[in-house]
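Subject: Structure handover and notes

Hello,

The structure is placed below, and my notes on it follow. Please read them with the model open.

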Amino acid sequence: PDLISGDMESAMAVELNPWVEYEFRVVATNNIGTGDPSVPSRMIRTNEAVPKTPPANVSGRSGRRHELVIAWEPVSEEFQSGEGFGYIVAFRPNGTRGWKEKMVTSSDASKFIYRDESVPPLTPFEVKVGVYNNKGDGPFSPIVVICSAE
C-alpha cells in the first residue's frame, strides 16, 4: 500500500514479479515532514512461477536459400519468472495443420534458423514463439506470417 497508518507494524507487498529479488525500506511522514528511509531489508526473492510474458516483435529475417529465419525480442530477466527459461518456436507452412516445435534453451536468444532443403524460396509460414521455464509453459506470441529465404 502507498500509505500505512502509524499504528501498523506490517504491510503486504502485492503484484511483485516472480523470481525477482526485492529489498524494502520504510519512510515515515507526519505533519512536520518526511524522515530518512530505513536501512534496506535483506534481499528477498519471490517464488518461481510459470512465465506470463511472451516475446515481442516476432518477425522474419533474411537468410540463405532453404532457411526460415525467425527472430524476436528476448524477454527481459525480470519477466522470466524462474530458472530454466527458454523459448518454444512453433511454425508451419501457411494453411497447413500441425505445428513443428523447436526448443531454444538460451534465455537471451533472439532468433532460430530452420533449414530444410525441400522448402522452396518465399514459402509463407505461420510462426509463433512461446516461453517456458522449470515451472511450465507460458503463452505464445501472436501468430505472424513470414516467408522462407530467397
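Two strands are said to pair if DSSP finds at least two bridges between them. Helices (H or I, at least four residues) and strands (E, at least two) are DSSP runs, numbered from the N terminus. This is a predicted model, in which local features need pLDDT of at least 70 and side-chain atom pairs count only at pLDDT 80 or more, while totals for chains, interfaces and linings use all residues. Residues are numbered from 1 along each chain as its sequence is written, and side-chain values use heavy atoms, with hydrogens and water left out.

The open sheet

Strands S3, S4 and S7 form an open, antiparallel sheet in the order S3-S4-S7. S3 (56-61) and S7 (111-115) are at its edges with a single partner strand each, so one side of each has no neighbour in the sheet. On average, neighbouring strands here are turned by 20° against each other, direction ignored; the axes behind such angles are lines fitted to C-alpha atoms, for helices over the stretch in contact, and angles run from 0 to 180 degrees between N-to-C directions.

S4 (residues 67-73) is joined to S7 by five bridges. Glutamate 67, in S4, stands opposite arginine 115 in S7. The side chains of glutamate 67 and arginine 115 also make a polar contact of 2.9 Å. A polar contact is a pair of N or O atoms within 3.5 Å; within protein, one must be able to donate a hydrogen and the other to accept it, and residues adjacent in sequence count only if both atoms are side-chain atoms.

Is glutamate 67 buried or exposed? Its relative accessibility is 7%, so glutamate 67 counts as buried (buried is under 20% relative accessible area, exposed over 50%, partly exposed in between, with a 1.4 Å probe and protein chains only). Not counting residues up to four places away in sequence, glutamate 67 touches Ile113, Tyr114, Arg115, Ser148 and Ala149, where contact means heavy atoms within 4.5 Å.

The nonpolar core

A nonpolar core is a set of buried Ala, Val, Leu, Ile, Met, Phe, Trp, Tyr and Cys residues joined through side-chain atoms within 4.5 Å. The largest one has 19 residues, and those with the most contacts inside it are Ile70, Trp72, Tyr87, Val89, Phe91 and Phe112. Two or more residues come from each of S4, S5 (86-93), S7 and S8 (124-133). S8 gives the most, with four residues.

Nine of the 10 residues of S8 are buried. The antiparallel pairings of S8 are these:

- S5, over eight bridges, with phenylalanine 91 opposite valine 127 in S8.
- S10 (residues 144-147), over four bridges, with valine 127 opposite valine 144 in S10.
- S9 (residues 136-140), over three bridges, with tyrosine 132 opposite aspartate 137 in S9. S8 and S9 form a hairpin with two residues between them.

A loop position

Serine 76 lies in the loop between S4 and S5. With a relative accessible area of 34%, serine 76 is partly exposed. The C-alpha atoms of serine 76 and aspartate 108 are 8.2 Å apart, although 32 residues separate them along the chain.

Regards
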